[in-house]
Each structure stands twice: as structure tokens, then as C-alpha cells.
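Visitor: I have a structure to look at, and I would like to be guided through it. Please show it to me.

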Amino acid sequence: MTWNPTTGCDKISAGCKYCYAEIMSKRLQAMGVDKYKDNFEVRTHESALNIPYTWKHSKIVFVNSMSDLFHKDIPLEFIKKVFAVMNDNPQHVFQVLTKRADRLFELHKQLKWTHNIWMGVSVENDKVRHRIEYLQKTKARVKFLSLEPLIGPLHKLDLTEIDWVIVGGESGHKPRPMKSEWVLDIQEQCEKSDVAFFFKQWGGKNKKAAGRILNGRTYDEMPEIELQHSV
Ligand code: SF4
């Protein structure tokens, strides 16, 4: 389940090279979908704020698959509205992922962090590992790392206060390779630190064929879900 109260973004680091949201926005604009009439320009959508109230059953929700909630052009007032909706719906888990970890850190004290908000940062290579420190310093109750698309090794990660690590390779026409030793190294680091590890995919030109087997098995660990536990 995805929920997009904001749309649009711009590229900030190497992981953005083949941004899925940018490609999809172009497609949706061509199809005449109103929300994407400005293509990939950053926009807020007040009308989307009521959507989580309409879901009958508990959901795991990926917030802003088409944007980055902590983009500088999204006003704090609107981010607060998005958080108010998440605070108000403790029956759902909301996963928020950003590459703007510095702005997340700047604003985190002004936001209410209920248990159902899982906050993550994307780290695709060593150049952007500083995002992890920003996340660690926030008041988020559940913290995760999305190491996807993994395009370089990430040795000796500081996994203090990190609850979940997701790893995935790049897919598409010209995917950058992900070495198996990088993935195995991260899996071992998670095991040693007792951090849930989820291996999403090897990626590549044919991601279905490449699959998601590592060490002869799948890794589908997740943090324990605490629904209806909002404070
Ligand atoms: S931050 Fe995310 S949404 Fe924004 S351009 Fe990069 S990959 Fe796309």
C-alpha cells in the first residue's frame, strides 16, 4: 500500500540516477492524471490527507513512493499535517523513507513520533553514510535503513538504534552491479548486531530471474509490529 500526500522531487545523490518516481510521474502525466499534471515538480496534496482514514483494515503503508517528504520545498506545516494523520491512525504502520536526512534531523523535534511511524534513510554507498547519524539522533521509535540500490560496499556500519536493514540491487535497463560480498557483509553485520535484515532482490536487467536468494535462503525479517500502541 502506498500513500502519496506529496509528489515530485529532484535528484540529490547517486542513488537517484534511475528514480522510479520520476519515470512514473512522467507516465502518469501523459495519462492525464491530475495529481501529476506538473510532472515531477514538488507539490503537496491536501485532498490526499484523508485517505488513511478510509482504509477498513490495518495496513503497512509506504509513505511518498513518488516524492521525499523532507524535501526543502515541502513546508513544515504540511509535514506536520502528514504526521497528524499518521498519529491519528495507529492501526496502520507508516514507513517514511528519505534521502534528506539533514532536514529530517532539523525538524524531528517538531514532529510527534508515535510507534506506528517507521522512519528510514536511504544509503546507496559510502558517500552518504552520514545520513545514518542524522536518523540515529531523531526521536523516531522505529528506525530503518534502505540500502537500495546498493552500488558500493558499506563496511562497519554503526547499527546503534537501527531496527531494520533492507538491501536491494538496482534493476532496469542499465543497472549498476551489486556485488554479493557487499550484501553478505551487511547481512553479517546485521546478524552480529541483532538487527532485522530483509533482502529484497538482486536486481539486474531481469530482476525476476535474478530473484532474492542469499546464502541459499530468503531473508524476510522485519521489526515487530506494534499496532494500536500509539502514545
Ligand atoms: S530522493 Fe527519491 S524520489 Fe527524490 S529523486 Fe531521489 S530517488 Fe527520486
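Visitor: Which residues are linked with D10 in a network of salt bridges?

Guide: This is a predicted model, where local features need pLDDT of at least 70, side-chain atom pairs count only at pLDDT 80 or more, and totals for chains, interfaces and linings use all residues. Residues are numbered from 1 along each chain as its sequence is written, and side-chain values use heavy atoms, with hydrogens and water left out. A salt bridge is a side-chain nitrogen of Lys or Arg within 4 Å of a carboxyl oxygen of Asp or Glu. Such bridges link D10 in a network with D68 and R100.

Visitor: How far apart are the closest N and O atoms of D10 and R100?

Guide: Side chains of opposite charge can pair when their charged atoms come close. D10 and R100 form a salt bridge. Their closest N and O atoms are apart by 3.1 Å.

Visitor: How many residues apart in sequence are the parts that this pair, D10 and R100, ties together?

Guide: Helices (DSSP runs of H or I, at least four residues) and strands (runs of E, at least two) are numbered from the N terminus. D10 lies in the loop between β2 (6–7) and α1 (20–30). R100 lies in the loop between β5 (93–98) and α3 (101–107). So the pair ties together parts whose separation in sequence, in residues, is 90.

Visitor: Is R100 buried or exposed?

Guide: Buried means under 20% relative accessible area, exposed means over 50%, and partly exposed is in between (1.4 Å probe, protein chains only). D10 has 38%, which makes D10 partly exposed. R100 has a relative accessible area of 8%, and R100 is buried.

Visitor: How many salt bridges does the structure hold?

Guide: K72 and D73 meet in one of them, at 3.3 Å from N to O. K72 is exposed at 61%, and D73 is partly exposed at 45%. R131 and E124 meet in another, at 3.1 Å, and both of these residues are buried. The total number of salt bridges is 12.

Visitor: Which residues are around the ligand?

Guide: A residue counts as near a molecule if one of its heavy atoms lies within 4 Å of it. By class, this shell has 3 nonpolar, 1 polar and 5 charged residues. Here Ala, Val, Leu, Ile, Met, Phe, Trp, Tyr, Cys and Pro count as nonpolar, Asp, Glu, Lys and Arg as charged, and the others, Gly among them, as polar. The residues are C9, D10, K11, C16, C19, S67, D68, K99 and R100.

Visitor: Which residues does S25 touch, not counting those up to four places away in sequence?

Guide: S25 is found in helix α1, and S25 is buried, with a relative accessible area of 0%. S25 and M66 are 41 residues apart in sequence, yet their C-alpha atoms are 7.5 Å apart in space. Contact means heavy atoms within 4.5 Å. S25 touches Y36, N39, F40 and M66.

Visitor: What is phi of N39 near?

Guide: N39 lies in the loop between α1 and β3 (43–44). Its phi is positive, in a residue other than glycine. The value is near 55°.

Visitor: Which residues is V128 in contact with, leaving aside neighbours within four places in sequence?

Guide: V128 lies in the loop between β6 (117–122) and α4 (130–136). V128 is buried, with a relative accessible area of 8%. Its C-alpha atom is separated by 9.7 Å from that of G15, 113 residues apart along the chain. The contacts of V128 are S13 and V123.

Visitor: How far apart in space are A14 and H92, C-alpha to C-alpha?

Guide: A14 lies in the loop between β2 and α1 and counts as partly exposed, at 35%. Leaving aside its neighbours within four places, A14 is in contact with E124, N125, I151 and R176. A14 and H92 are 78 residues apart in sequence, and in space their separation is 32 Å.

Visitor: Which residue does a cis peptide bond join to E148?

Guide: Omega of this bond is about -5°.
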